[in-house]
Amino acid sequence: FTRQNRAFYNFGKLIELQKIPATEMSRFITAGFKSTIGVIERELCLRLINYCDNIPYYIQYLASEFWDVCIEKNNTPSSGLLNEALARLIINQSEYFANLFEILTPYQQKVLEAITVENKNIFTKEYNKRHHLSANSSTQRAIKKLLEKEILEKTENTFSFSDPFFKKWLEENIL
């Protein structure tokens, strides 16, 4: 709706969807697990939501994989099975994430690695020094491209990953 070269440009009113509160997402997941395979502890459910940065699509994706792992293992939901489900998702997406990372310029990769570690106050001298980055103008250009490619999102003075599993892949494979 926001790109001039697309068929539905300015087609309708844009509204920004906010994240569903973690307590509501937790109730939804808890009810789904309870009705099929058993009780999922509140802390475990909140950890699942946290892994996904409270993004509903990724929460449902991980919850579905977690449910599958519990069924396969004939077990009740546990921390170990949640970790296994997350690992499966990362492995399944690994080739995609590797290709996504490889198409970036070396400096975009470096900025992305820095944001993986620390995502606030990016344009300070201290940040640049800690993460061995170049001038702020170079970092700003790299971030602009990462935002355009929808790899990153900006909220106030913080940058976050559009795909929390990509961040997890970077932590495990690049850092």
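Q: How far apart in helix 7 are Glu148 and Lys145?
A: They are three residues apart in helix 7 (residues 136–148), so about one helical turn separates them. This is a predicted model.

Q: What do Glu148 and Lys145 form?
A: A salt bridge, with the closest N and O atoms 3.5 Å apart.

Q: Is Lys145 buried or partly exposed?
A: Lys145 is partly exposed, at 40% relative accessibility. Glu148 is partly exposed too, at 44%.

Q: How many salt bridges are there?
A: The count comes to six.

Q: Which residues are linked in a network of salt bridges?
A: Glu65, Glu72, Lys73, Glu84 and Arg88.

Q: Take Arg88. Which parts does its pair with Glu65 tie together?
A: Arg88 lies in helix 4 (residues 79–102) and Glu65 in helix 3, so the bridge joins parts 23 residues apart in sequence. The closest N and O atoms of Arg88 and Glu65 are 3.3 Å apart.

Q: And Glu65, buried or exposed?
A: Buried, with a relative accessible area of 14%. Arg88 is partly exposed, at 23%.

Q: Where does Glu84 sit relative to Arg88?
A: Four residues away in helix 4, about one helical turn.

Q: Switching to packing. At what angle do helix 2 and helix 3 cross?
A: Roughly 130°, with the axes coming within 8 Å. That makes helix 2 oblique to helix 3.

Q: Which residues make the contact?
A: Leu44, Leu48, Ile49 and Tyr51 from helix 2, and Ile59, Leu62, Ala63 and Phe66 from helix 3. By class, that is eight nonpolar, no polar and no charged residues.

Notes. Residues numbered from 1 in each chain as written. Predicted model: local features only at pLDDT ≥ 70, side-chain atom pairs only at ≥ 80, totals over all residues. Heavy atoms only, no water. Axes fitted to C-alpha atoms, helices over the stretch in contact; angles between N-to-C directions. Helix = DSSP H or I, 4+ residues; strand = E, 2+ residues; numbered from the N terminus. Parallel < 35°, antiparallel > 145°, perpendicular 65-115°, else oblique. Contact = heavy atoms within 4.5 Å. Nonpolar A, V, L, I, M, F, W, Y, C, P; charged D, E, K, R; others polar. Salt bridge = Lys/Arg side-chain N within 4 Å of Asp/Glu carboxyl O. Buried < 20%, exposed > 50% of the residue type's maximum accessible area, 1.4 Å probe, protein only.
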